[in-house]
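The plan is to look up how the chains meet, then what goes on inside them.

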Amino acid sequence: MQMNKDSTPGWADRPEIRQRIRYGLYAACVLLLLAELVVNRHTVMPLENLPAFYPLYGFLSLITVVLLSKGLRRLVGRSEEYYEERYDEGRDDNVA
Amino acid sequence: MLPDFHPFLPFLLAALLAAVTSGWLRSAIMLAAPVIGGLHLLGVEPGTVQQWQIMNLELVVYRVDELSLMFGYLFHLGAFLCVLFALHVKDTMQHVAGMIYAGSALGAVFAGDLLTLFVFWELLGLSSTFLIWAARDERSVSAGMRYLIFQVLSGVLLLAGALWHWYGTGSLVFEEIGLGSAASWLLFLGFGIKCGFPLLHNWITDGYPAATPTGTVFLCAFTTKVAIYAMARGFPGTELLIYIGVFMACYPIFFAVIENDLRRVLAYSMINQLGFMVVGIGVGTALAMNGAVAHAFNDVLFKGLLFMSMGAVLYVTGRYKATDLGGLYRKMPITTVLCVVGALTISAFPLFSAFISKSMIMTALLNEGHWGIWVAMLFASAGVLEHAGIKIPYFAFFGHDAGLDAREPPVNMLLAMGVAAVLCVAIGVFPAMLYNILPYDAPYTPYDTTHVLVQLQLLAFAILAVVYLHRSGRYPAEVPSVNLDAEWLYRRLVPKLYRALVQVVSITSGLVRACFRAGLNFGAGYLSAHHRPAGFLARTWPTGSMVLWVAVLLGVYLLLYFP
């Protein structure tokens with residue numbers, strides 16, 4: 001029974017459900033954009049008055065975060081044993 | 001009506017009893033401490049003060065006002081959840097350390113003078129270290145030591161600042177200090193270390209992921225929140241805090257994206273949330289201050305919930321790395337749902353608690369005209385969604401199925417997570433629950449159409465960006481790695497410099513010694529050349545040649561003095 005259950009993909013792994021979730025997100029995004037036309041937004045700052053400021057900002061922020069992080073990884077990424085090597089070096093020192 | 005007692009007492013008593021009891025009795029005692037303490041606190045009125053006269057020193061060991069009272073409620077609630085989450089643990093050391101730790105946090109927020117604050121501040125650092133050491137592996141021993149050094153450093157700065165402040169002003173009372181004197185800078189730095197100021201923050205990302213699955217939950221609830229309290233009390237409206245806070249909110253986002261250890265992702269995320277609070281304190285208006293402390297309150301619940309869910313995963317599977325996890329939603333459905341609630345909350349979706357507290361800080365920024373800061377904080381808000389809102393649940397519970405053997409964690413863990421999740425939603429839906437206990441007078445309505453709409457727009461399109469990156473293959477895969485951070489300075493650079501220094505000293509001393517030895521050799525050779533048995537000066541001279549030389553000397557003498 002357990003084996004049987006494991007071999008069939010769970011709901012979150014089924015392509016049609018993943019697609020449905022994605023389409024739901026697209027629909028929500030479109031609705032939220034349209035809502036801006038209906039809702040009279042009160043704003044404090046001039047930037048907020050730009051059409052679709054928040055959606056654009058959210059989208060671009062996230063792209064920026066992820067792409068910059070990839071760059072950061074190249075800069076600071078090291079092997080998992082990076083800090084452990086200290087001990088080996090110490091031993092080498094002692095041997096020398 | 002309970003008689004009036006210091007809030008530290010029930011926890012101290014429970015710690016002592018927890019050391020000598022076990023089983024259900026110990027569980028009951030430890031759960032009773034925050035319950036009794038919390039019920040007692042509900043009856044305490046702001047303005048209550050207890051003073052102790054020690055020699056000529058007047059110490060205010062217990063001072064209740066609206067600010068300390070709010071943190072008092074928070075810490076009792078946090079302690080209850082932590083204790084509940086750790087109830088299955090058999091390790092006495094963790095229980096005792098946990099109770100002392102939670103009690104010290106209460107002692108610190110009710111301390112009316114800087115010396116009492118220092119005592120609880122140090123106790124807080126020391127007791128929490130044992131929650132890291134309790135993991136009892138090589139990593140936790142060294143990480144705990146580094147953690148402790150930061151805690152002690154913070155305490156030393158606090159003590160030095162307190163004594164200097166006392167010398168300068170003649171008062172030890174802990175109230176608004178402001179950055180005026182050198183003493184105040186020491187206090188500011190002391191508080192700043194525990195707030196996770198940039199470059200001084202690595203004790204969080206180093207220590208928290210090294211603690212036990214339950215210990216991390218304790219750690220995330222108290223130390224940094226005590227520091228936020230101290231900052232709010234001592235340095236409200238200090239402009240520098242705005243800039244420090246905005247940096248704290250932004251830079252951990254990038255590290256969180258590439259970090260593989262999911263508990264360390266949450267530690268970075270914590271610094272990011274602390275950044276929001278620090279900015280709020282820096283702005284200093286009643287609305288911003290309320291936002292900062294309200295966010296601290298909510299953070300204990302939602303960050304606690306996320307740490308609990310990762311603790312549950314670690315407890316059940318023994319794994320904590322994104323590369324090792326995945327697909328647990330089928331075996332741990334309840335934990336998955338609870339984790340997702342935490343993720344939705346920290347991302348500040350409407351109807352979840354962070355929405356009603358973070359928005360106060362953001363609104364305060366706009367009201368005060370800090371537009372540049374606001375833009376940066378909005379960026380940070382979108383960043384939170386990526387690492388805490390999506391990455392944590394996705395890599396642990398969805399994504400690639402790692403095929404791990406797993407089941408739901410013990411019922412006490414589920415209960416603790418459940419209560420935290422319910423509170424995250426309840427506070428989000430009924431903000432008045434939290435607003436009623438906020439210390440400053442600043443009416444605020446979080447739910448208006450504009451605000452809900454723009455927040456949903458921001459979040460929905462940020463998720464859209466993740467989907468886009470994922471589907472276009474640009475989303476970075478998780479890789480097992482260590483990412484260098486400021487800790488590199490003291491874990492790598494300083495030891496390297498030290499080794500280089502040792503080498504320079506040893507080479508120099510070798511050279512000096514070699515020169516000295518060569519000198520000695522030369523001297524000894526010279527001496528022995530002339531004084532060794534067959535040497536020129538050690539030779540035995542015949543009497544005849546002696547007489548001859550005397551005659552020569554006399555002859556020369558005669559020649560020289562013969563005018």
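**Entry 1: across the interface.** I began with charged pairs between the chains. The rule finds one salt bridge across the interface of chain B and chain A. A salt bridge here is a side-chain nitrogen of Lys or Arg within 4 Å of a carboxyl oxygen of Asp or Glu. The pair is Lys321(B) with Glu80(A), and their closest N and O atoms are 2.7 Å apart.

Next I asked which elements of chain B supply the surface. At least two residues each come from α10 (239-258), α15 (371-397), α18 (449-471), β3 (482-483) and α19 (487-531) of chain B. The largest share of that side, 18 residues, comes from α18(B). I sorted the residues of the side of chain B that touches chain A: 39 are nonpolar, seven polar and 13 charged. In this sorting Ala, Val, Leu, Ile, Met, Phe, Trp, Tyr, Cys and Pro count as nonpolar, Asp, Glu, Lys and Arg as charged, and the others, Gly among them, as polar. Helices (H or I, at least four residues) and strands (E, at least two) are DSSP runs, numbered from the N terminus.

**Entry 2: ground rules.** I noted that this is a predicted model, where local features need pLDDT of at least 70, side-chain atom pairs count only at pLDDT 80 or more, and totals for chains, interfaces and linings use all residues. Residues are numbered from 1 along each chain as its sequence is written, chains are lettered from A and ligands numbered from 1 in the order in which they are written, and side-chain values use heavy atoms, with hydrogens and water left out.

**Entry 3: the extent of the contact.** Contact means heavy atoms within 4.5 Å. Chain B brings 59 residues to it and chain A brings 55. Together they bury about 5500 Å², with 68% of it on carbon and sulfur atoms. Buried area is the accessible area (1.4 Å probe) that two parts lose on being put together, summed over both. In chain B, Arg330(B), Phe461(B) and Arg492(B) lose the most area to chain A, together 12% of what that side buries.

**Entry 4: strands.** I checked which strands pair, meaning that DSSP finds at least two bridges between them. Strand β1 of chain A (residues 77-78) runs antiparallel to β3(B), over two bridges. There, Arg78(A) has Val482(B) as its bridge partner. Within chain B, β1 (residues 49-54) and β2 (residues 57-63) pair in the antiparallel sense over six bridges. Ile54(B) is bridged to Leu57(B). The two strands form a hairpin with two residues between them, and Met55(B) in the turn has a positive phi of about 55°.

**Entry 5: chain A.** I counted four helices and one strand in chain A. Along the sequence the pattern is α-α-α-β-α. Of its 96 residues, 29% are buried. Buried means under 20% relative accessible area, exposed over 50%, partly exposed in between (1.4 Å probe, protein chains only). Arg41(A) and Glu36(A) form a salt bridge at 3.8 Å between the closest N and O atoms. Both Arg41(A) and Glu36(A) are buried.

**Entry 6: Arg233(B).** I found Arg233(B) in helix α9 (residues 215-234) of chain B. Is Arg233(B) buried or exposed? Arg233(B) is buried, at a relative accessible area of 11%. Its side chain meets that of Asp65(B) in a salt bridge of 2.6 Å, N to O. Asp65(B) sits in the loop between β2 and α3 (66-85) of chain B, so the pair ties together parts that are 168 residues apart in sequence. Asp65(B) is buried as well. Beyond neighbours within four places in sequence, the contacts of Arg233(B) include Phe174(B), Glu175(B) and Glu176(B).

**Entry 7: last look-ups.** Over all chains the count comes to 13 salt bridges. Leu489(B) lies in helix α19 of chain B and is partly exposed, at 40% relative accessible area. Leu489(B) and Ala477(B) are twelve residues apart in sequence, yet 27 Å apart in space, C-alpha to C-alpha.
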